[in-house]
Every structure is written in C-alpha cells, then in structure tokens.
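Subject: Handing over a structure, with notes on what was found

Dear colleague,

Please find the structure below, with the sequence beside it.

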Amino acid sequence: MLTSVEIAGAEGLPLPTPDASGDDLFKMGLLYSTGQGGAPLDYVSAHMLFNLAAMRGSLEAKIYRKELSQEMASEDVAEAQRQAREWLATG
C-alpha cells in the first residue's frame, strides 16, 4: 500500500498509494503526529495526511486535523495543504 516516495523529503515513512483508504491515511497521520512507528515527529506531514483522510471520509481525521492546526503556525498549515494538493495531483 505504500510507495517509496518520501513526504517533503523527510526521512520518514513513504507516502501512501493513491488508493489508500481514509483509515490508512488517518493511521499514517497518527504516526507523524506522535513520532512513532518509524515516522519523525512532523506536524506538516501529519496535517497533510489528516486532511487527505478527512477527504476520504475519516471523521476522526477531521477532529485531529483541527486540533493539530491549533498547534501549528499558519505557514505550516498552508504548507500541509499545498502538499496535500500536490499528492492528489500526482495520484
């Protein structure tokens, strides 16, 4: 389910494939938001993944995305949104 493309050049987990479910994206977002499972602590990547998960129907992702965005600088939220759009365009 994962490819070898890295999120924003981070040395973390690979990006999910375009057919990843909302649950898969949410789980990956959790890893980045906590720095667990081999993922670096990366709020931008976590927000991006929560955003994509929310778009695929994950209600939990909407809640986590909102909470996480309150901890982030507005420039970082904008970057996460840009990365989500880029991921959608390449998928």
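Let me begin with a pair of helices, α2 and helix α4 (residues 74–90), whose axes come within 8 Å of each other and cross at roughly 55 degrees. Axes here are lines fitted to C-alpha atoms, for helices over the stretch in contact, and the angles run from 0 to 180 degrees between N-to-C directions. Because of that angle, α2 is oblique to α4; angles under 35 degrees count as roughly parallel, those over 145 as roughly antiparallel, those from 65 to 115 as roughly perpendicular, and the rest as oblique. The crossing of α2 and α4 is right-handed, where right-handed means that the near helix is turned clockwise from the far one by less than a right angle, and left-handed that it is turned anticlockwise.

Before going further, please note that this is a predicted model, in which local features need pLDDT of at least 70 and side-chain atom pairs count only at pLDDT 80 or more, while totals for chains, interfaces and linings use all residues. Residues are numbered from 1 along each chain as its sequence is written, and side-chain values use heavy atoms, with hydrogens and water left out.

To return to the pair, the α2 side of the contact consists of Val44, Ser45, His47, Met48, Asn51, Leu52 and Met55, which meet Asp76, Val77, Glu79, Ala80, Gln81, Gln83, Ala84, Trp87 and Leu88 in α4; contact means heavy atoms within 4.5 Å. By class, this contact of α2 with α4 has nine nonpolar, five polar and two charged residues, given that Ala, Val, Leu, Ile, Met, Phe, Trp, Tyr, Cys and Pro count as nonpolar, Asp, Glu, Lys and Arg as charged, and the others, Gly among them, as polar.

Helices (H or I, at least four residues) and strands (E, at least two) are DSSP runs, numbered from the N terminus. Of the 91 residues in the chain, 42% are buried, where buried means under 20% relative accessible area, exposed means over 50%, and partly exposed lies in between (1.4 Å probe, protein chains only).

The contact is made by residues of α2 including Tyr43, His47 and Phe50, and by residues of α3 including Tyr64, Arg65 and Leu68. Its residues divide into eight nonpolar, three polar and two charged.

Which residues does His47 touch, if those up to four places away in sequence are not counted? They are Arg65, Leu68, Ser69, Met72, Val77, Ala80 and Gln81. His47 has its place in helix α2 and is buried, with a relative accessible area of 3%.

A further partner of α2 is α1, and the axes of these two helices come within 8 Å and cross at roughly 165 degrees, which means that α1 is roughly antiparallel to α2. Their crossing is left-handed, and the contact of α1 with α2 has 11 nonpolar, four polar and no charged residues.

Ser33 belongs to helix α1 (residues 22–34) and, at 16% relative accessibility, counts as buried. Leaving aside neighbours within four places in sequence, Ser33 is in contact with Leu41, Tyr43, Ala46 and Phe50.

Lys66, by contrast, lies in helix α3 and is exposed, with a relative accessible area of 55%; Lys66 and Asn51 are 15 residues apart in sequence and 9.4 Å apart in space, C-alpha to C-alpha.
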